[in-house]
Each structure stands twice: as structure tokens, then as C-alpha cells.
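Here is a short briefing on one protein model. Keep the structure open and find each residue as you read.

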Amino acid sequence: MTDLVIGADGLPRCAWGASTPDYAVYHDTEWGRPLHGDDALYERMTLEAFQSGLSWLTILRKRPAFRLAFDEFRIPTVARYGDADVTRLLADAGIVRNRAKIEAAIANARAALEVPEGLSALLWSFAPAARPARPASFAELAAITPESTAMAKALKKRGFRFVGPTTAYALMQATGMVDDHIVGCHVTLPPAA
């Protein structure tokens, strides 16, 4: 398989984005598009953490259930979760039922409330300068970058959990802090701003 494929619709896209209909929609409409807002970025950070060790497709398909279970990822609401909520989430078959990840999601909401500049501003402060051209292949990409390492270190220092350098880089890719679409991909992204 090459890194760029022509989809059934005749559009060239990153190969992973053509592998399933769910991925095609996600690839074409969300992945790599600049995303701002504390709750929106908290959701993506939480889902990336839940994805650790699993397929992103699993998380993507469970995302509606995650949104329902975590009150649409409203940071102040999740920050107030207690033991009864942990028990409720562990019993919810619609999400990934992992106690450590659930407890991390709650701890991360509490930590996000303590970020004076807001979670969105903090995360975007680690966005690297735009590269001059898109990568020619996924082989050109690293799973960890100096920026994702710095982001993970800063988050850990502020009490965030389950956000290591690899997860931080996946978050950067998903939220448009970097453009990792392959050269030739039909997706046109707005400036990161």
C-alpha cells in the first residue's frame, strides 16, 4: 500500500483515510483541521488517551457514547465527577472501560481548570512552525517530536495524566497543530492561526 491512494470517490487521500468509510469522513472533515477551544481540545486529548493501545477506529466509533458519558466533555462538569461517576463510567459498555484512563480523564479536567491561560492556549503554545511542504510519505514523520515532548512534560508538570509525547503528537496531528497530510492529498486546510 502506498501512502496516498485514490478513493472510490476519485479523490486522492492519505491511505489510512481511505481504509474505511468512517476514516474517510474523519480524514476529510476533521483530522489536521485547526481546532481551538478548551472543551473541544479537552475532548480530543481525552479520546487520544483512551486510544492508547487501541485502534483510533474503535475510539472514533465510540465517540458518540463517550460524549454522552462524559457530559459532552465540558471541563467544569467532568472536574466535579466523583466515585459514583467512576462507577457509572466503568459500567458503560459504550465506552472503553479502563479505570486508569477514566480517572485520568477526570484528573485532567481538574488540571485544565487550573490553567490560567486556558487549555487551548497552553496546547497551541507548543505548535511548531509550519513546515514548508507536506511530507512525501509517512516515513518522513516521527511519532515523537521536540514539541510533543515539551507539551507532554508541561502537561505532566501541571498534573495531567496519560498524555505522553506520542499521545501529544497524535493530538497535534488531529487538531491541526501540524499538517501531516501527505503531499497530493485532496484535503486543503485553513491556516493554523
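**An enclosed space and its surroundings**

The largest cavity holds about 30 Å³ of space. The model is a predicted one. It has one cavity of 30 Å³ or more.

**The cavity lining**

- Which residues line the largest cavity? They are Met-45, Thr-46, Ala-49, Lys-101, Ala-104, Ala-105, Asn-108, Arg-161 and Phe-162.
- Five of the lining residues are nonpolar, two are polar and two are charged.
- Two helices, α2 (residues 38–51) and α6 (residues 99–113), each give at least two residues to this lining.
- Helix α6 gives the largest share, with four residues.

**Helix α2**

- Helix α2 has 14 residues, so at 1.5 Å a residue it should span 20 Å. Its end C-alpha atoms are 20 Å apart, which agrees.
- Why is α2 described as largely enclosed by the rest of the structure? Because 11 of its 14 residues are buried. Buried here means a relative accessible area under 20%.
- The buried residues are Leu-41, Tyr-42, Glu-43, Arg-44, Met-45, Thr-46, Leu-47, Glu-48, Ala-49, Phe-50 and Gln-51.
- After α2 comes Gly-53, which has a positive phi near 85°.

**Helix α6**

- Helix α6 is built from 15 residues. From its first C-alpha to its last it reaches 22 Å, close to the 21 Å expected at 1.5 Å a residue.
- At the start of α6, look for Asn-98. One of its side-chain oxygens comes to within 3.0 Å of the backbone nitrogen of Ala-100.
- Which residues of α6 are buried? They are Lys-101, Ile-102, Ala-104, Ala-105, Ile-106, Ala-107, Asn-108, Ala-109, Ala-111 and Ala-112.
- What covers the buried residues of α6? The cover includes α2, α4 (75–79), α5 (83–90) and α7 (119–124).

- Arg-63 sits in helix α3, which runs over residues 56–69.
- Arg-63 counts as buried because its relative accessibility is 10%, and the cut-off for buried is under 20%.
- Setting aside neighbours within four places in sequence, Arg-63 touches Glu-30, Glu-43 and Leu-47.
- Thr-87 lies in helix α5. Its relative accessible area is 53%, so it is exposed; the cut-off for exposed is over 50%.
- Thr-87 and Ile-144 are 57 residues apart in sequence. In space, their C-alpha atoms are 34 Å apart.

**The loop between α3 and α4**

- Asp-71 is in the loop between α3 and α4. Glu-72 is found in that loop too.
- Asp-71 is not a glycine, yet its phi is positive, at about 50°.
- Glu-72 is likewise a residue other than glycine with a positive phi, near 60°.
- How exposed are they? Asp-71 is partly exposed, with a relative accessible area of 27%. Glu-72 is partly exposed as well, with a relative accessible area of 45%.

- Asp-180 belongs to the segment after α9, a helix of residues 165–174.
- Asp-180 is buried, because its relative accessible area is 1%.
- What does Asp-180 contact, leaving aside neighbours within four places in sequence? The partners are Trp-31, Arg-131, Pro-135, Phe-138, Leu-141, Tyr-169 and Gln-173.
- Two of these contacts involve polar pairing of side chains. Asp-180 and Tyr-169 are joined by a polar contact of 2.6 Å. The side chain of Asp-180 also makes a polar contact of 2.8 Å with the side chain of Gln-173.
- Asp-180 and Trp-56 are 124 residues apart in sequence. Their C-alpha atoms are 16 Å apart in space.

Notes:
Residues are numbered from 1 along each chain as its sequence is written. This is a predicted model: local features need pLDDT of at least 70, side-chain atom pairs count only at pLDDT 80 or more; totals for chains, interfaces and linings use all residues. Side-chain values use heavy atoms; hydrogens and water are left out. On a 1 Å grid over the protein atoms alone, a cavity is a set of points where a 1.4 Å probe fits but cannot get out, and a pocket is an open set with protein on both sides within 12 Å along at least five of seven lines; lining residues have an atom within 4 Å of a point. Grid points are joined across faces, edges and corners, and a volume is the space filled by probe spheres set on the points. Ala, Val, Leu, Ile, Met, Phe, Trp, Tyr, Cys and Pro count as nonpolar, Asp, Glu, Lys and Arg as charged, and the others, Gly among them, as polar. Buried means under 20% relative accessible area, exposed over 50%, partly exposed in between (1.4 Å probe, protein chains only). Contact means heavy atoms within 4.5 Å. The expected span of a helix is 1.5 Å times one less than its number of residues. A polar contact is a pair of N or O atoms within 3.5 Å; within protein, one must be able to donate a hydrogen and the other to accept it, and residues adjacent in sequence count only if both atoms are side-chain atoms.
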